[in-house]
Amino acid sequence: YPFELTRSGAVTDDIVLTSDNEAAVAVPAGATFAAGETVLTFTATVVSVTSGAAKIVASNAATGARAEYNVYPIAPDLGIDGPWLVYGLGGVQYTLTRTGAVGDEIALSSSDEGVATVPATATFGTGESAITFIATGVGYGATTLYATDAVSGVTADFGVTFEMNPDQPIGQITFNP
């Protein structure tokens, strides 16, 4: 992730960068402001979202100036949302959401493919946090829809029941004299 450091006053060009938790966030050992520039961009690399928070410190040895930035990880998470009770069979749309360090390709499955089928995968586009997929009811009963991310190992599940409509319309009425 790119970070910007802004200098003011007598801060010299050479900056020392450190992270107090290299298992979580790594930074280069140092960076240098271009002559006459007041903004410096450096890259911090998230090594692990499960290793806790990290404090990035930028310091200037010549002046003693320093700046700190705390990085707090967002735990990876997946969620499935949509109707949990469906009357009838056929396609039903569900929404898959992600937060944190979740990969783009998510494996989908159904615990009972005799009740509902889903595509093998769903793919998030760059920057997307929500996408939709279709679960197709093929038989009456209950099933659980699963979404699994191979990158983070996080999973989501969502229970769905497909039932016959209890309020089926009455058939045609005819007069029999």
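**Before you start**

Residues are numbered from 1 along each chain as its sequence is written, and side-chain values use heavy atoms, with hydrogens and water left out. Because the model is predicted, local features need pLDDT of at least 70 and side-chain atom pairs count only at pLDDT 80 or more, while totals for chains, interfaces and linings use all residues.

**Stop 1: the largest pocket**

The largest pocket holds about 380 Å³ of space. A pocket here is an open set of points on a 1 Å grid over the protein atoms alone, where a 1.4 Å probe fits, with protein on both sides within 12 Å along at least five of seven lines; lining residues have an atom within 4 Å of a point. Grid points are joined across faces, edges and corners, and the volume is the space filled by probe spheres set on the points.

Now colour the lining by class. Twelve residues are nonpolar, four are polar and none is charged. In this scheme Ala, Val, Leu, Ile, Met, Phe, Trp, Tyr, Cys and Pro count as nonpolar, Asp, Glu, Lys and Arg as charged, and the others, Gly among them, as polar.

**Stop 2: a nonpolar patch**

Select Leu 89, Tyr 140 and Met 164. Together they make a nonpolar surface patch of about 320 Å². Patch residues have over 30% relative accessible area and no salt bridge; nonpolar side chains (Val, Leu, Ile, Met, Phe, Trp, Tyr) are joined within 5 Å, like charges within 9 Å. Areas come from the Shrake-Rupley method with a 1.4 Å probe, and for residues only the protein chains shown count as cover.

Centre on Leu 89. It sits in the loop between β10 (85–87) and β11 (90–99). Strands (E, at least two residues) are DSSP runs, numbered from the N terminus. Leu 89 counts as partly exposed because its relative accessibility is 43%. The classes are buried under 20% relative accessible area, exposed over 50%, and partly exposed in between (1.4 Å probe, protein chains only).

Step along to Gly 90, in strand β11. At 23%, Gly 90 is partly exposed. Draw a C-alpha distance to Ile 134: it reads 9.4 Å, across 44 residues of chain.

**Stop 3: salt bridges**

How many salt bridges are there? The count comes to four. The rule asks for a side-chain nitrogen of Lys or Arg within 4 Å of a carboxyl oxygen of Asp or Glu.

- Select Arg 7 and Asp 13. Their closest N and O atoms are 2.7 Å apart. Arg 7 is buried at 12%, and Asp 13 is partly exposed at 31%.
- Select Arg 98 and Asp 104. The closest N and O atoms are 2.8 Å apart. Arg 98 is buried at 11%; Asp 104 is partly exposed at 40%.
- Select Arg 66 and Glu 68. The closest N and O atoms are 2.6 Å apart. Arg 66 is exposed at 54%, and Glu 68 is partly exposed at 45%.

**Stop 4: two long-range pairs**

Select Val 49, in the loop between β6 (45–46) and β7 (54–60). Val 49 is partly exposed, at 24%. Thr 155 is 106 residues from Val 49 in sequence and 16 Å away, C-alpha to C-alpha.

Finish on Ala 26, in strand β3 (residues 25–26). Ala 26 is partly exposed, at 21%. Its C-alpha atom is 36 Å from that of Phe 133, 107 residues away along the chain.

Note on methods:
Helix = DSSP H or I, 4+ residues; strand = E, 2+ residues; numbered from the N terminus.
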